[in-house]
Amino acid sequence: MAKTGGDLLIERLIEWGVDTIFGLPGDGINGLFESLRTHQDQIRFIQVRHEEAAAFMAAGYAKFTGKLGVCMATSGCGGLHLLNGLYDAKYDGQPVLAITGHTYHDISGSMYQQDADLTKVFLDLAPYNERIMGPDHVVNAVDQAIRTALGQRTVSHLSFPKDFQDWTTGDDTRTMPNVKGHTDVLRVSTDISPALEQLKRAADLINAGSKVVVFAGRGALHAREEVIQLAEAVGGPILKALLGKGVVPDDSPYTTGGLGLLGTAPSQDAMEECDTLVMIGTHFPYLEYYPKPGQAKTIQIDLDATHIGLRTPVDVGLIGDTKTVLQALLPLINRKEDRRFLEKAQERMVFWRELMTERGTQTNIPMKPQVVPHIISPLLNDDAIVTCDCGNNTTWAARHIQLRGTMQFSTSGLLATMGSGLPYAIAASVAYPGRQVVALVGDGGFTMLMGEMATAVKYKLPIKVFIFHNNSYGQIKWEQIVLEGNPEFGVEIQSIDFAAYAQACGATGFTIDDPKNADDVIRRALAHDGPVIVDAIVDQNEPPMPGKITTDQAIALTKALIRGERDSGDIIKNIIGNQFQEAVATKGHSLLSVLPGIGK
C-alpha cells in the first residue's frame with residue numbers, strides 16, 4: 001500500500017529515534033496529524049496551549065536528554081509563534097527540528113489563507129530550511145534536516161504543503177537522480193580531539209601558569225570528572241557559566257560558582273587575579289568579566305571552531321569534544337604543588353556561603369525572595385531537574401539552588417527570554433517521568449505562557465512551580481536603576497492570585513507571604529503528588545546586585561535615587577540591611593560609601 005507524505009515523515013522520525021513531538025494541531029498540518037494518530041503507539045504527541053511553548057519544550061527536551069527535540073505547528077500564524085522558542089534553541093546550541101505546515105502547493109504565493117512563506121521567515125534561524133516538494137522528497141529532506149540539527153547543534157526547519165501531506169508516492173514521479181534508498185539513518189560520533197602538537201602547546205602554557213582558572217560552560221556538562229581532575233592538577237578554582245551550573249556540584253571544594261551579574265564575588269576575584277585561563281565548552285557573552293587583554297594566557301576548548309577567540313584573545317584553541325580533549329590533555333598536565341591560589345578562593349567561598357545563608361534566612365516582611373530557593377535547595381532530590389525563567393528569579397536560583405548528585409539545571413541562555421521556565425519544566429517531566437522537576441519563575445515570565453499549566457494538568461505532570469510574585473518586571477526595573485541610572489518606568493504589573501489560578505487549572509495552589517510559614521508550605525508543595533503552583537509574595541525592592549558591584553553601577557544607582565526613584569527609601573533600607581559593605585566592593589570602597597547620606 002502506498003504511503004502518504006505524512007506517513008513517510010512520521011515513520012522516518014521514528015527511524016531516527018524520535019519518540020516525542022510537542023505542538024498544536026491546525027488545518028495546515030491535518031495530514032501529519034492523521035499519521036501521528038495512526039502511529040501513536042510509536043511516537044507521542046504532547047499538545048500545548050501556545051506554539052511558542054512547543055518550541056521551548058523542544059529546546060528543553062534537547063537540553064535535558066541530549067536527544068533531538070521536535071516541535072510542530074500549522075501554517076502561517078502557528079509557525080510564526082514558534083520563533084522565540086526556536087531562537088532560544090539556536091542560541092543555546094540545541095538540536096531541534098521544527099515542522100510547519102504550508103498552504104496547497106499550487107496556490108502558494110497567491111495570498112491564500114495563512115500563506116506565509118515560512119522558509120523565508122526562518123532564513124536567519126535555521127541552517128537547514130526546506131520546503132518539501134512532494135512525497136518522494138520527504139525522506140531526503142528529513143534525513144538532511146536531522147543531520148544538520150544534530151551535527152551543528154542547531155535548528156532545522158521543514159515546511160510541508162498541506163496537499164503533499166496526503167499525496168502518496170504513486171501520485172508523484174520519482175526523478176532519475178533520486179535513487180531510492182540512497183540516504184540512510186546514521187548518527188556520527190563527535191568524540192574528536194586535536195593533534196598532539198596542539199595539546200602539548202596548551203599543556204606548556206597551563207604548566208607555566210601559577211594562577212590557573214578553569215572556566216566551564218554547558219559544553220562541559222558531560223565532562224565532570226575530567227574538569228575536576230584538571231582543577232585538582234592545576235590547583236585552581238572552577239568558575240561556571242550559568243548553563244554550566246551542573247558541570248560540578250555547587251558544594252565541590254574546587255568551585256567558586258557562577259561568573260557575571262548572577263555570579264559570586266570569589267569567581268570574579270579569581271578571574272581578575274589569574275594568569276592562565278582554561279575555557280571549556282563556553283562562550284560566555286559578557287566581555288567585561290574576562291581577564292583584561294594581556295593579563296592571562298588563554299586556552300579554549302570547544303567543539304565549534306567559530307567560538308574560539310570570540311570573547312577574549314586565545315593563545316591555543318583546541319577543537320573537539322570537551323571530554324575527549326580533556327582526556328588527551330590531562331596526562332600532559334603537571335600537578336602544581338603550590339595550592340595557594342585555590343586555597344584563597346576556597347577561603348573566600350566560605351564567607352560567600354555564609355553570606356548566602358544570611359540572605360536566605362531573613363525573617364523580614366515583605367518576605368525576601370532569597371528565602372524561597374534557600375529553603376527549596378536542600379529539600380530537592382539528588383536527581384532533581386531545576387528550571388528557571390529570565391529575570392530576578394534567575395539571580396536567586398543561580399545563587400541559592402545548590403546542585404548536587406546528578407541534578408540538572410537550565411534556563412534560556414544567550415537569548416535570555418522570559419517565558420521559558422514553565423515549558424522547560426514540562427519538557428523535563430515528559431522526558432523523565434520519575435524525576436522531581438521544579439521551576440523557579442517570576443510573575444512576569446509566568447504570565448506570558450501561564451496557559452501551559454493546563455498542559456501539566458492534562459498530562460498529569462507533577463511539576464512544582466514557584467512564582468516570585470513582586471508585581472513587576474523586576475530585572476528590567478533594576479537594569480533601569482543600576483545600569484542606566486534612571487528611575488523605574490513601565491515595569492509595574494497587575495497582581496494575579498496564582499494559587500487560585502492553579503486551582504482553576506485543576507492543579508494545587510499554595511501562597512506564602514511570611515518566611516515563618518515558608519518551610520512548611522514548601523515541604524507540602526514538594527510532597528504533593530501532582531502539579532503545584534506556589535505563589536510566593538516577595539519584596540519587590542530587594543536588589544539583585546552583582547557579587548561585585550562596579551563604581552559605574554554604584555554611581556548609576558545613586559543617580560536613580562537622586563532623580564526620583566519612587567522606592568528609594570525602601571531600596572536604601574534593603575541595601576543597609578543586607579550589609580553590602582561585607583559583600584561588595586568598588587575599587588576599595590563599599591557601596592554604602594558612595595550613596596548620598598549613607599555610611600557617612
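1. Let's start with a word you'll need: a residue is buried if its relative accessible area is under 20%, exposed if over 50%, and partly exposed in between (1.4 Å probe, protein chains only). Keep in mind that this is a predicted model, where local features need pLDDT of at least 70, side-chain atom pairs count only at pLDDT 80 or more, and totals for chains, interfaces and linings use all residues. Residues are numbered from 1 along each chain as its sequence is written, and side-chain values use heavy atoms, with hydrogens and water left out.

2. Now the rings. Rings of Phe, Tyr and Trp (its six-membered ring) pair if their centres lie within 6.5 Å; planes under 30 degrees apart are stacked, over 60 edge-to-face, and the rest tilted. That rule gives 13 aromatic pairs. Phe 164 is buried at 5% relative accessible area, while Trp 167 is partly exposed at 28%.

3. Phe 284 and Tyr 289 are also edge-to-face, at 6.4 Å centre to centre and 75° between the planes. Phe 284 is buried, with 6% relative accessible area, and Tyr 289 is buried too, with 8%. Ring pairs join these two to Phe 215, Tyr 286 and Tyr 290 in a cluster.

4. Which residues is Phe 446 in contact with, leaving aside its neighbours within four places in sequence? Counting contact as heavy atoms within 4.5 Å, the list includes Asp 389, Leu 422, Val 465, Phe 498 and Ile 533.
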